[in-house]
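Please keep the sequence and the 3D view at hand while reading.

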Amino acid sequence: MPRRTATGVPPWSMAVAAMLAVQLSSALSVPVIEHIGPAGTAWLRMCFGTAFLWMIARPAIRSLRRADVPGLLALGVVTGFMTTFFLAAVERIPLGTAVAIEFLGPLTVAGLMSRHRKALVWPLLAFIGVVLLTEPWHGSVDLAGVGFALAAGTCWGLYNLLTQHVGDRFAGISGLSLTIPVAALATLPVGLPQVVGGEFTWWVLPAAAGIALITPVIAFGLEMLALRRMTHTAFGTLLSIEPAFGILIGLLVLAQTPTPMQVVGIAIVIVAGAAAQRGGGRGAAPVRPSRAARPGAAGAPRGRAGIG
């Protein structure tokens with residue numbers, strides 16, 4: 001059972017607050033996207049995120065080894081485009097739907113990396129939920145939005161694999177302070193043109209800075225505190241409800257009301273995510289930072305650095 005912190009705050013509440021913060025930052029990005037596009041918004045957020053992280057924790061450049069560089073570069077590139085693709089999806093489809101579709105990425109990786117082939121049933125079940133969410137029989141599904149969400153999910157799956165490769169060397173804020181700058185540089189060619197060519201107004205910069213403060217700084221900090229006191233299985237099971245938080249924040253902030261069929265679809269995705277975690281988690285393993293730097297076992301979906 002997750003234990004309470006020294007201040008009496010249960011760790012699960014910090015994990016929930018972190019997930020809500022991630023989805024809130026995605027919703028708050030929508031007005032910025034309308035002015036400078038999804039790539040421009042993602043790039044500005046990563047630039048400000050780099051500045052905040054470097055103020056909090058200096059990057060561990062002196063501890064870098066030549067063998068670390070390829071993995072860190074790949075992880076930074078994947079992180080940057082995971083954010084960019086996701087915001088491009090949010091521009092076109094509801095937030096909850098985008099989160100659920102993106103969730104297919106780590107779920108599929110979890111199924112493929114599992115020792116049990118029957119684990120592949122959970123990505124299939126989640127896919128059924130996504131079909132109910134997008135309701136293609138109505139003929140109004142935005143294929144571009146779905147494609148961007150799938151691309152973000154692919155990046156999330158790759159992110160999980162890459163963090164397992166480099167996670168033993170860099171963790172937490174130290175890892176973020178190295179990968180987020182790479183993410184900003186990788187997306188500069190697509191982000192800067194949108195910023196320059198967009199409808200740039202005075203509030204765009206402070207808005208992007210405020211969103212970056214929410215995610216990655218506050219959200220990932222809360223998540224790291226929670227993960228120090230929770231097992232992988234407990235946290236991974238809790239993470240499976242994040243698509244529901246996407247629906248909730250989309251409803252409250254963006255007035256995106258789901259249909260009854262979409263509610264059923266999101267419930268199916270949540271069940272699939274929780275079942276995949278229970279079948280593949282490492283409950284007895286040492287707790288390691290997830291979205292802040294490094295996911296746990298390949299047998300279960302984990303969090304993301306710099307998304308949303």
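A salt bridge is counted here when a side-chain nitrogen of Lys or Arg lies within 4 Å of a carboxyl oxygen of Asp or Glu. Arg 92 and Glu 91 form such a pair, their closest N and O atoms being 3.0 Å apart. The model is a predicted one, and every value below is computed from it.

**Overall architecture**

- The chain contains ten helices and zero strands, so that its elements, read from the N terminus, run α-α-α-α-α-α-α-α-α-α.
- Of the 308 residues in the chain, 56% count as buried.
- Among contacts between residues at least 6 apart in sequence, 86% join residues that are at least 24 apart.

**Helix H3 against helix H9**

- Helix H3 (residues 95-113) packs with helix H9 (residues 242-254) at an angle of about 165 degrees, their axes being 7 Å apart.
- Angles over 145 degrees count as roughly antiparallel, and H3 and H9 are therefore described as roughly antiparallel to each other.
- The crossing of H3 and H9 is right-handed.
- On the H3 side the contact is made by Leu 95, Gly 96, Val 99, Ala 100 and Phe 103, while H9 contributes Glu 242, Pro 243, Gly 246, Ile 247, Ile 249 and Gly 250.
- By class, the residues in this contact of H3 with H9 comprise seven nonpolar, three polar and one charged.

**Helix H3 against helix H4**

- Helix H4 (residues 121-134) packs with H3 at an angle of about 165 degrees, and the two axes are 10 Å apart.
- This angle makes H3 roughly antiparallel to H4, and the crossing of H3 and H4 is left-handed.
- From H3 the contact draws on Thr 97, Ala 100, Ile 101, Leu 104, Leu 107 and Thr 108, and from H4 on Trp 122, Pro 123, Ala 126, Phe 127, Val 130, Leu 133 and Thr 134.
- The contact of H3 with H4 has ten nonpolar and three polar residues, and no charged ones.
- Ala 100 of H3 takes part in the contact with H9 and also in the contact with H4.

**Helix H2 against helix H3**

- The axes of helix H2 (residues 68-90) and H3 come within 9 Å of each other and cross at roughly 140 degrees.
- That angle makes H2 oblique to H3, and the crossing of H2 and H3 is right-handed.
- In H2, Met 82, Phe 86, Ala 89 and Val 90 meet Leu 95, Ala 98, Val 99 and Glu 102 of H3.
- The contact of H2 with H3 divides into seven nonpolar residues, no polar residues and one charged residue.
- Leu 95 and Val 99 of H3 meet H2, and these two residues also belong to the contact with H9.

**Salt bridges**

- Asp 68 forms a salt bridge with Arg 65, in which the closest N and O atoms are 3.7 Å apart.
- Asp 68 counts as buried at 7% relative accessibility, whereas Arg 65 is partly exposed, with a relative accessible area of 48%.

**Backbone features to inspect**

- The peptide bond that joins Thr 215 and Pro 216 is cis, with omega at about 25 degrees, and Pro 216 is placed in helix H7 (residues 204-227).
- Ala 255 has a phi near 55 degrees, which is a positive value in a residue other than glycine.
- Ala 255 sits in the loop between H9 and helix H10 (260-280), and at 62% relative accessibility Ala 255 counts as exposed.

Terms used
Residues numbered from 1 in each chain as written. Predicted model: local features only at pLDDT ≥ 70, side-chain atom pairs only at ≥ 80, totals over all residues. Heavy atoms only, no water. Axes fitted to C-alpha atoms, helices over the stretch in contact; angles between N-to-C directions. Helix = DSSP H or I, 4+ residues; strand = E, 2+ residues; numbered from the N terminus. Parallel < 35°, antiparallel > 145°, perpendicular 65-115°, else oblique. Left-handed = near helix turned anticlockwise from the far one by under 90°. Contact = heavy atoms within 4.5 Å. Nonpolar A, V, L, I, M, F, W, Y, C, P; charged D, E, K, R; others polar. Buried < 20%, exposed > 50% of the residue type's maximum accessible area, 1.4 Å probe, protein only.
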